[in-house]
Amino acid sequence: MPGDVIVYEWFANFVTEKVQKRKKYVSTIVNKEPYSYITDFYLKLRRNLVSIIKKNKSLTDLNDILKNLNPQKHVHYETLIGQIQNFMQGIIYSWVEPPKNTIEYSGLLLKVNPEIGLKINNDTLFIKLYFKSPPINGMKVKVMQKIMQDALQCDFPEAKVAILDIRRGILYKATIDEEIKIPYNLEQEALIWQRYAEED
């Protein structure tokens, strides 16, 4: 596991998980099958959304991807598309290419990859999209924002980092230099992760 790069959301899940479940969570990630486009439930929506925003096209074009979807995807996609269209309505923006950076905590490498970059009223905003049904945990939001700050602050000292809970239309944002208080030492948490990974 040392030297591998993991998705920073996984690390945020681990940090905010109940203590008794942490080791099992790391084991699940360590033994996870390699990423496959076929099993990425939200890939089609994510790709189309990024493309439409990047090209500044109408978000009504998202409706086109509802054609020929299986019923399981259709019900989720329809809800998400409606929420995206409502959330973005009236917002004037231009596209900013979002960074794909890596941050290290005690030798553990995390991939930080916000999907959306927008310039709104002279503010640069990098957004991580959250598609899932359960509401995102508030502490997990803070941990993710903290990691995004650490990863992006050198290159984008004036930016804002955010997580968009699409289903609820809630944007959690923070400036890159805002103090985000979390009850965790991420360097220490990374050491615990690596110890569990080595024991697996």
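Which residues of α4 are buried? In this predicted model, the buried residues of the helix are Lys73, Tyr77, Leu80, Ile81, Ile84 and Met88. Seen down the axis of α4, these buried residues fall within an arc of 110°, so they line one face of the helix. An α-helix has 3.6 residues a turn, so residues three or four places apart point the same way. The elements that cover the buried residues of α4 include helix α3, spanning residues 43-54, and strand β5, spanning residues 116-120, whereas Pro71 and Asn86, on the other side of α4, are exposed.

At the start of the helix, a side-chain oxygen of Asn70 reaches to within 3.1 Å of the backbone nitrogen of Gln72, while the residue Gly90, which follows α4, has a positive phi near 85°.

The relative accessibility of Glu9 is 12%, and because buried means under 20% relative accessible area, Glu9 counts as buried. When its neighbours within four places in sequence are left aside, the residues in contact with Glu9 are Lys128, Tyr130, Lys132, Lys140 and Met144.

Key. Residues are numbered from 1 along each chain as its sequence is written. This is a predicted model: local features need pLDDT of at least 70, side-chain atom pairs count only at pLDDT 80 or more; totals for chains, interfaces and linings use all residues. Side-chain values use heavy atoms; hydrogens and water are left out. Buried means under 20% relative accessible area, exposed over 50%, partly exposed in between (1.4 Å probe, protein chains only). Helices (H or I, at least four residues) and strands (E, at least two) are DSSP runs, numbered from the N terminus. The arc is that of the directions from the helix axis to the C-beta atoms. Contact means heavy atoms within 4.5 Å. A polar contact is a pair of N or O atoms within 3.5 Å; within protein, one must be able to donate a hydrogen and the other to accept it, and residues adjacent in sequence count only if both atoms are side-chain atoms.
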